[in-house]
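Please look over the sequence and the model below before reading on.

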Amino acid sequence: MIHWLIDAALRNRFLVIMGFLLLGGWGYWALLTTPIDAIPDLSDNQVIVFTDWPGRSPQEVEDQVTYPLTVSLQGLPGVRVVRSSSAFGFSMINVIFEDDVDLYFARSRVLERLNLLAKALPTGVVPTLGPDATGVGHVFWYTVEGKGVSLRDLRSLQDWFVRYQLNSVPGVAEVASIGGTVRQYQIDVDPNRLRAYKIPLSTVVDAVMRSNRNVGGNVVEGSGTWAVVRGLGLIESTRDLEEVVVAAENGVPIFVRQVADVKLGDAFRAAALVKGTEEAVGGVVVARYGVSTVDVINRVKEKIQALQAGLPAGVKIVPFYDRSSLIDRAVHTLRQALIEETIVVTIINIIFFFHTYHLY
């Protein structure tokens with residue numbers, strides 16, 4: 001058999017050379033298009049379902065949210081196992097599929113089943129899918145820094161500007177914010193004032209909820225034209241909250257400022273980002289499943305450079321963790337090893353073919 005192969009190769013040298021060139025071209029194309037990462041992804045083929053139900057105990061979350069979702073998701077095609085956990089006001093379900101199931105097919109099946117289960121869950125509970133990424137998808141971290149700028153303002157800048165811009169980069173599944181303090185309107189109700197006006201707390205809550213919205217009306221026709229009627233009521237400052245009408249007594253309105261103190265404050269937080277010895281505001285860029293990590297990081301860096309011009313004076317985005325340096329070192333080591341192997345194999349083949357040629 002070996003003699004026949006050698007004889008066939010020597011008699012059809014043109015076909016052998018063409019096959020070698022085609023194989024080399026296909027290998028070069030694969031080298032350019034293969035996703036590159038330095039960390040092997042050994043995670044399960046899974047879809048994560050998050051469900052928030054604030055203020056509820058783990059037992060309530062387990063009975064009314066986690067258990068119904070877990071039982072229903074077990075019947076999906078290709079599901080290997082469903083793992084779930086319940087915490088205070090929070091539920092997380094990991095739906096693990098077989099390895100040969102496409103991730104986006106699995107996500108579409110899970111989302112389809114969640115739409116059918118919406119009516120069986122408590123009012124206001126909406127399950128959401130986690131990002132289409134894996135546990136090794138955290139490829140780039142950064143901090144938003146500015147001398148003299150408060151953590152609250154930096155976090156607002158990260159949440160409402162930087163995060164959305166970076167999330168539009170191709171290959172990015174999610175940009176998560178971390179650190180700083182989240183700005184919120186706080187209404188400190190005085191129970192003594194409520195008692196004096198004979199107003200229950202629920203009335204204040206309903207009034208504030210109903211006031212923070214825009215409404216659309218009909219149109220008014222005049223002089224052959226239509227004028228659109230709209231009601232603008234979105235809250236833009238603490239003064240808008242103070243002017244919300246809670247109730248009325250003998251035709252006299254009672255405002256929120258008469259029963260409570262309104263101010264800007266910080267939302268409750270359970271963690272912080274510390275860089276060196278000081279707190280900082282940052283973000284985590286999560287790459288999509290199956291993309292080339294080094295290409296995503298390069299596109300994120302280019303986007304950050306473009307964003308610098310739109311940031312306030314003195315504020316800048318500083319890389320905090322960059323996996324591209326690790327990937328470059330790993331690729332350099334692999335390239336060096338492949339070049340050495342290629343040279344050795346080529347020399348051996350040349351010697352072998354010359355020896356065979358002299359024999360013939």
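The cover over the buried residues of helix α4 includes β1 (46–52), α3 (58–73), β3 (90–97) and β4 (128–129). Contact is taken here as heavy atoms within 4.5 Å, and the element names follow DSSP runs, with helices (H or I) of at least four residues and strands (E) of at least two, numbered from the N terminus. The model is a predicted one, in which local features need pLDDT of at least 70 and side-chain atom pairs count only at pLDDT 80 or more, while totals for chains, interfaces and linings use all residues. Residues are numbered from 1 along each chain as its sequence is written, and side-chain values use heavy atoms, with hydrogens and water left out.

**Helix α4**

The buried residues of α4 are L103, A106, R107, V110, L114 and L117. They lie on the same side of α4, because the arc that they cover around the axis is only 100°; this arc is that of the directions from the helix axis to the C-beta atoms. On the other side of α4, N115 and L116 are exposed.

At the start of α4, the backbone nitrogen of Y104 has a side-chain oxygen of D102 within 3.1 Å.

**The sheet and its helices**

The order β2-β3-β1-β4 describes an open sheet of four strands with antiparallel pairing. Because β2 (79–87) and β4 stand at the edges with a single partner strand each, one side of each is left without a neighbour in the sheet. Two strands count as paired if DSSP finds at least two bridges between them; β1 and β3, which run antiparallel, are joined by seven bridges. T51 stands opposite S91 in β3.

Two helices lie across strands of this kind. Helix α3 lies across β1, β2 and β3 and runs at about 170° to β2, whereas α4 lies across β1, β3 and β4 and runs at about 30° to β1. For these angles, axes are lines fitted to C-alpha atoms, for helices over the stretch in contact, and the angles run from 0 to 180 degrees between N-to-C directions.

Which residues does T70 touch, not counting those up to four places away in sequence? T70, which lies in helix α3, touches V82, S84 and I93 when those neighbours are set aside. With a relative accessible area of 11%, T70 is buried.

| Residue | Relative accessible area | Class |
|---|---|---|
| T70 | 11% | buried |
| S292 | 12% | buried |
| K263 | 40% | partly exposed |
| N250 | 78% | exposed |

S292 lies in the loop between β14 (278–287) and α9 (293–307), and, leaving aside neighbours within four places in sequence, S292 is in contact with P35 and I36.

K263 lies in strand β12 (residues 260–266). In sequence K263 and Q186 are 77 residues apart, yet their C-alpha atoms are 5.5 Å apart in space. Leaving aside neighbours within four places in sequence, the contacts of K263 are Q184, Y185, Q186, D188 and T238. The side chains of K263 and D188 make a polar contact (3.5 Å), a term for a pair of N or O atoms within 3.5 Å; within protein, one atom must be able to donate a hydrogen and the other to accept it, and residues adjacent in sequence count only if both atoms are side-chain atoms.

**Two loops with a positive phi**

Most residues other than glycine have a negative phi. S223, although not a glycine, has a positive phi of about 55°, and its place is in the loop between β8 (215–222) and β9 (225–231). S223 is exposed, with a relative accessible area of 80%.

N250 is found in the loop between β10 (245–249) and β11 (252–255). These two strands form a hairpin with two residues between them, and N250 in the turn has a positive phi of about 55°. The strands β10 and β11 pair in the antiparallel sense over four bridges, and A248 stands opposite P253 in β11.

Definitions and conventions:
Buried means under 20% relative accessible area, exposed over 50%, partly exposed in between (1.4 Å probe, protein chains only).
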